[in-house]
Every structure is written in C-alpha cells, then in structure tokens.
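Hello,

Please find the structure below. My notes on it follow.

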Amino acid sequence: MFIKALVFFALIMIVVTLVKRGKKGGSSLPTTIDTSSENNMKRCAECGVHLPEQEALTYQTLSFCCNDHKKLYLKDKKV
Ligand SMILES: [Zn+2]
C-alpha cells in the first residue's frame, strides 16, 4: 500500500514537471520582449534597423540610427 502511494506521488511529480517545462519553452518569453521593447523603439528610415528612442537621431518625423544614414536619406530625397 505504501509503495503504491509512493509510485502514484512520483507519477504526479513527473507530470507536474513536464507541464512546467512545456509552459516555459512555449509561449511567454518572445511576446513579452516584443511588447515591452516596441514602445520606445525607433526605426531607421534608411536601413530599417531598430534602436532605442534615446539613441535615435530624429529629423522631423523620421528617425535614423546614425548621422551617415540621416545624410544618405536626405540626399536620396533631394535627388
Ligand atoms: Zn540606419
């Protein structure tokens, strides 16, 4: 009787750990990173790279990753 209870308990523990592993590997991590980072991210109008708002160079409504890309983009617009 005692052994049966022990085996039953072991089976429950195995199932619980498997369920926990499945939840960790599956869904939550990528989505939380996306939603939290997008709020303060700017996209370079020239090369399309994403960077934090504080590091982005802005020109009117546009954002750039560096001064060179700002120049390049404005050059292309004028010609
Ligand atoms: Zn760029």
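In which strand does Phe64 lie? Phe64 is part of strand β4, where strands are DSSP runs of E with at least two residues, helices are runs of H or I with at least four, and both are numbered from the N terminus.

Two points on conventions. Residue numbers start from 1 along each chain as its sequence is written. This is a predicted model, in which local features need pLDDT of at least 70 and side-chain atom pairs count only at pLDDT 80 or more, while totals for chains, interfaces and linings use all residues.

Overall picture

The protein chain has three helices and four strands, in the order α-α-β-β-β-β-α from the N terminus. Its mean pLDDT (the predictor's confidence in each residue, from 0 to 100) is 83, and 77% of the residues score at least 70. Confidence is highest in β4, at 96, and lowest in helix α2 (residues 28-38), at a mean of 50.

Of the 79 residues, 8% count as buried. Here buried means that 20 or more other C-beta atoms lie within 10 Å of the residue's own, exposed means 12 or fewer, and partly exposed is in between, with C-beta atoms placed from the backbone. Among contacts (C-beta atoms, placed from the backbone, within 7 Å) between residues at least 6 apart in sequence, 10% join residues at least 24 apart.

Phe64 counts as buried because it has 24 C-beta neighbours inside 10 Å. Leaving out residues up to four places away in sequence, Phe64 touches Cys44, Ala45, Glu46, Ala56, Leu57, Tyr59, His69, Lys70 and Tyr73. Val49 is 15 residues from Phe64 along the chain, and their C-alpha atoms are separated by 8.5 Å.

Cys65 sits in the loop between β4 (62-64) and α3 (67-78). Cys65 is also buried, because 20 C-beta neighbours lie inside 10 Å. Beyond its neighbours within four places in sequence, Cys65 is in contact with Cys44, Cys47, Val49, Leu51 and Ala56. Gly48 is 17 residues from Cys65 in sequence, with a C-alpha to C-alpha distance of 8.7 Å.

Gln60

Gln60 is in the loop between β3 (57-59) and β4. Its phi is near 55 degrees, a positive value in a residue other than glycine. Is Gln60 buried or exposed? Gln60 counts as exposed, because it has 5 C-beta neighbours inside 10 Å.

Regards

Conventions. Two residues are in contact if their C-beta atoms, placed from the backbone, lie within 7 Å.
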